[in-house]
Amino acid sequence: MICLDFDKDYRSPVCLALGFFDSVHLGHRELIRRMKSYSVSHGALSCVFTFDNDLGAFFDKNSKQVYTFSERKEIFEKLGADIVFHRRFDRAFMQTSAEDFLSELFSSLNIKKVFCGYDYSFGSGGKGDTRLLEKFCEKRSAELEILPKIEYDGERVSTTLIKKLLAGGEISQANRLLEDPFWVCGNVVHGRSVGHLYGFPTANIDYPSEKILPKHGVYGTIIHIGKNRFKGVTNIGPKPTFDVESVSVETLIDGTVNDLYGKEIKIEFIKYLRGIEKFDTPDALSAQIHKDLNWRREC
C-alpha cells in the first residue's frame, strides 16, 4: 500500500473514498469495500483520503482517537486499499474553502469516481456538502457514489457512538459497530513484575497517548504475539490491591511465552468481565484472576 502526502501528485487513475475514517466502523468499511470493488472492475486504484492527526484533538485537547493514523493504515490495507492520501489538519487547512479543497484533490489525483457518506462535509466551516461535491464531480467528468445512513438498533453508526460504548465498557456492542474487535497495540515495558503471584506471564504495554481506552475494568482479551494468539485477561486502570493509583494496561497471558520486553503485542478486547476491585490479599486477587481466565475455553 502506498502512502502519499497531500502535496504529492499521482497520475494513475484512482477511485477516492473521502472521510476522516477515525474509527473505520462498519459504515466506513462498506464505503471502502464499494470503492475497492468498483476500482478493480474499472482498472483503477483504490485510494482513501484521511487526516494523519486527530481532528478532534485540534478542537479539544482531551480528545482521543479510536484508532491512530498508524492503526488506520493497517486497517485500510487489510480492506484492500491501494493508496492512503493523507494530510495534517491544521489552521491553514481549516480555512481552506470547500471549492479550493476539491480543486487541490483533483489537481493532485487522477480521480475517476468519488465515494463518500451521505453526511460528508468539508471546507472552511464545513460548508461543503454532497450537493457541492456532486456539482464539482460533474464538471470534472468524475462519478460520485454517496453511501446512505447506516443504523444499528435504530441509532446512526458513528465514531461518537463507538466512543460512548467504549467509555461505558460495552465492548461487545462497540465491536459490532467496528466489525472487528477493538484493539490496542504497544511495546511491552517493565511493570510490577508480579506475574509469579498469578502463575501466568504478565505484559504491561506502552500505548499511544492519543489512543482511547475502554472503561476501567477487567476484560477478556485475545493477545497477538507475532503469529501466535493467546487467551488473556487485561486490566485497564489502577491496582487498588497493591495501592497503585496510576492507570496502566496490564495483561495476563494464558500460555507459555518467551521474554516479551521491548516486543510489540496486539490486544483485542472481546468481553467486559468485571470492574476494578480491591482484594484483601494478593492470593484472593490471584484466585479471581484464575476464574477470569475461564471467560473463554479456547483462544
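The model is predicted. The largest pocket holds about 920 Å³ of space, and the largest cavity holds about 170 Å³. The salt bridges number 17.

**Sheet and packing helix**

- Strand E2 (residues 10–17) is joined to strand E3 (residues 45–51) by four bridges, in the parallel sense.
- Within this pair of strands, Val14 stands opposite Leu45 in E3.

**Largest pocket**

- The volume of the largest pocket is about 920 Å³.
- Its lining comprises 36 residues, and those nearest the centre of the pocket are Gly19, Phe20, Asp119, Tyr120 and Ser121.
- Two or more lining residues come from each of helix H1 (26–41), E3, helix H2 (55–59), helix H4 (91–94) and helix H7 (159–167).
- H1 provides the largest share of this lining, with three residues.
- Sorted by class, the lining of the largest pocket has 19 nonpolar, 13 polar and four charged residues.

**Second largest pocket**

- About 210 Å³ is the volume of the second largest pocket.
- Residues that line the second largest pocket include Thr68, Ser70, Glu71 and Glu74.
- Also among them are Trp183, Cys185, Gly186 and Asn187, as well as Asp206, Pro208, Glu264 and Lys266.
- Helix H3 (69–78), strand E9 (182–189) and strand E14 (264–274) each give two or more residues to this lining.
- E9 accounts for the largest share of the lining of the second largest pocket, four residues.

**Cavities**

- Over the whole structure, the search finds two cavities of 30 Å³ or more.
- The largest cavity contains about 170 Å³ of space.
- It is lined by 18 residues, and Asn235, Lys239, Arg274, Leu285 and Ile289 lie nearest its centre.
- At least two lining residues come from each of strand E12 (228–239), strand E13 (244–254) and helix H10 (282–292).
- E12 gives the most to the lining of the largest cavity, namely four residues.
- The lining of the largest cavity consists of eleven nonpolar, two polar and five charged residues.

**Salt bridges**

- The count of salt bridges comes to 17.
- One of the pairs is Lys36 with Asp82, whose closest N and O atoms are 3.4 Å apart.
- This pair links distant parts of the chain, with the two residues 46 residues apart.
- Lys36 sits in helix H1, while Asp82 belongs to the loop between H3 and strand E4 (83–87).

Notes. Residues numbered from 1 in each chain as written. Predicted model: local features only at pLDDT ≥ 70, side-chain atom pairs only at ≥ 80, totals over all residues. Heavy atoms only, no water. Pairing = 2+ DSSP bridges. 1 Å grid on protein atoms, 1.4 Å probe; cavity = no way out; pocket = protein on both sides within 12 Å on 5 of 7 lines; lining within 4 Å. Points joined across faces, edges and corners; volume = space filled by probe spheres on them. Nonpolar A, V, L, I, M, F, W, Y, C, P; charged D, E, K, R; others polar. Salt bridge = Lys/Arg side-chain N within 4 Å of Asp/Glu carboxyl O.
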